[in-house]
Amino acid sequence: MEIREENVVSAKKSIIQRMITVVKTYGPAIVMVLTMMGAGDLVTSSVAGSTYGYALMWLLAGSLLIRYVICNIMGRFQMYNNEGMTILEGYSRLHKFFPYFFGIASLVIGHLIIAQMIKGSGLALAWMFGIGDAFLWSIGVVLISLLIMGRNAYRNVEMVMKILLGVLTICFVGLAVYSGPDVGGILRGTVGFALPAEVGTYSVILVALSLVGAVAGSLTNLIYPYFLQDRGWIKPEHKKIQRRDLMFGFGCAIVLNLAIWIVGAEILRPNGIQVESVDDISRALSLYMGNFGSWIFYLGVFGILYSSVIGTANGYGKVIMDCYYKVTNRILTKDQKIEGDPKFKWVSLFLLISPIIWSIPGVTGFIALTLFTNALNVIGLPAIAIGLLVISNQKKYLGKNTNNWFENTVLASTSLLAVWGSYEILMSFFY
């Protein structure tokens with residue numbers, strides 16, 4: 001009996017040690033995943049779950065697969081290209097349109113993404129502590145972010161992200177397990193490939209495009225190679241650890257997205273609650289778990305939103321600066337880093353401070369701002385997918401490390417989807 005207990009204790013220690021090793025070893029994909037998993041995943045997954053149950057879950061699975069392929073190809077280009085190019089330099093070799101477009105788009109989308117996160121973080125903190133105005137809490141979020149984004153910005157961001165990942169896992173997975181997920185419904189929704197009938201406040205096309213935009217089509221894909229640079233994973237020998245890191249990060253994304261979706265399908269939908277604010281989700285949880293359930297939910301909300309504030313400011317700042325270098329034909333030496341450029345700090349400051357205007361009471365609603373930004377992201381996907389399809393197949397840069405048939409199929413299909421999605425979004429502005 002004692003030997004059996006010792007074996008159990010030893011197994012637990014071994015699991016804990018492996019978890020500690022994973023947390024220390026991995027990093028860029030964790031930062032990437034928590035940056036991309038902001039208001040988009042929280043809102044679109046809960047809206048889709050509360051409105052359509054599990055019927056659209058195949059879009060979530062497909063979108064995450066697309067994004068994994070895109071990020072893996074970008075990471076491979078970063079490590080295998082024979083000229084030490086950044087991903088933006090690869091795009092700029094095709095045409096000067098790309099750095100101009102990505103630079104302007106990153107400034108606009110980065111501003112709007114952080115606006116969502118700051119506004120949502122302020123709402124969550126105001127509810128959790130029950131004192132003060134959400135706008136004042138949003139200002140506090142910005143001030144804390146300025147401290148984290150000081151010296152050694154990436155290292156600080158990665159450390160905070162790992163803490164937030166633990167918080168998110170406990171909060172959302174715990175809520176999903178408590179809600180009692182329908183395993184059969186999840187399987188049918190994942191392989192059903194169907195668009196349900198129109199119901200609720202938001203059209204099925206808007207929700208679907210918002211989901212694709214939030215998960216697969218975001219310009220946030222461009223920031224992943226820069227996190228690899230910050231970690232020093234820029235050579236072919238780093239490919240193995242990079243792939244494992246990416247698989248771990250996207251495994252976390254699948255679990256967390258599924259958990260949020262389950263909460264929408266199992267708690268919001270049966271109570272007929274349409275998600276028009278974060279309070280709607282909290283109200284449904286309070287029916288099942290009391291005030292404690294709502295508090296846990298808002299803690300998770302804060303974690304998922306705040307992680308995107310610091311990740312977006314850091315990552316998008318690097319994309320914008322690299323676009324600036326390509327437009328002005330400036331070349332960084334191997335010893336120079338984007339974070340060391342004073343202009344990078346000013347760009348990051350702008351991305352952090354300017355979005356506070358959207359948190360002023362009465363300016364706009366959190367849900368409306370989120371769905372609009374996510375849908376707008378789809379417009380950038382054609383440039384990302386089509387350009388990546390070309391540069392990742394150029395043997396003069398990558399030799400034998402170009403795409404395989406599956407990756408090319410995913411990119412080609414994504415390009416077609418992106419063109420169609422962009423057309424639908426543009427038409428919605430006029431009709």
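Colleague: How many disulfides does the structure hold?
Modeller: Zero disulfides. The cut-off is a pair of cysteine sulfur atoms within 2.5 Å.

Colleague: What should I know about the source?
Modeller: This is a predicted model, where local features need pLDDT of at least 70 and side-chain atom pairs count only at pLDDT 80 or more, while totals for chains, interfaces and linings use all residues. Residues are numbered from 1 along each chain as its sequence is written, and side-chain values use heavy atoms, with hydrogens and water left out.

Colleague: Fine. How many helices and strands in the protein chain?
Modeller: 18 helices and zero strands. Both are DSSP runs, numbered from the N terminus: helices are H or I with at least four residues, strands E with at least two.

Colleague: What share of the residues is buried?
Modeller: 55% of the 431 residues in the protein chain count as buried. The chain exposes about 18600 Å², and carbon and sulfur atoms supply 67% of that. Those areas come from the Shrake-Rupley method with a 1.4 Å probe; for residues, only the protein chains shown count as cover.

Colleague: What about contacts along the sequence?
Modeller: Take contacts between residues at least 6 apart in sequence: 84% of them join residues at least 24 apart. Contact means heavy atoms within 4.5 Å.

Colleague: Where is Tyr-52?
Modeller: Tyr-52 is in helix H3, residues 39–52. Tyr-52 is buried, with a relative accessible area of 5%.

Colleague: Switching to H2. How many of its residues are buried?
Modeller: Nine of nine, so H2 (residues 28–36) is mostly covered. Among them are Leu-34 and Thr-35.

Colleague: What does Ser-307 contact?
Modeller: Leu-34 and Thr-35 are on the list, along with Met-37, Met-161, Leu-164 and Phe-302, leaving aside neighbours within four places in sequence. Ser-307 lies in helix H13, residues 278–327, and counts as buried at 0% relative accessibility.

Colleague: And Ser-138, where does it lie?
Modeller: Ser-138 lies in helix H7, residues 134–148. Ser-138 is buried too, with a relative accessible area of 1%. Not counting residues up to four places away, Ser-138 touches Ile-118, Lys-119, Gly-122, Ile-356 and Ser-359.

Colleague: What is there in the loop between H13 and H14?
Modeller: Asn-329 lies there. Asn-329 has a positive phi of about 60 degrees although it is not a glycine. Asn-329 is exposed, with a relative accessible area of 60%.

Colleague: Now H14. Which residues are buried?
Modeller: Phe-344, Val-347, Ser-348, Leu-351 and Leu-352. They cover an arc of only 135 degrees around the axis, which puts them on the same side of H14. The arc is taken from the directions from the helix axis to the C-beta atoms.

Colleague: Which are exposed on the other side?
Modeller: Pro-342 and Trp-346.

Colleague: What caps its N-terminal end?
Modeller: Asp-341 caps H14, with a side-chain oxygen 2.9 Å from the backbone nitrogen of Lys-343.

Terms used
Buried < 20%, exposed > 50% of the residue type's maximum accessible area, 1.4 Å probe, protein only. Polar contact = N/O pair within 3.5 Å; in protein donor to acceptor, adjacent residues only side chain to side chain.
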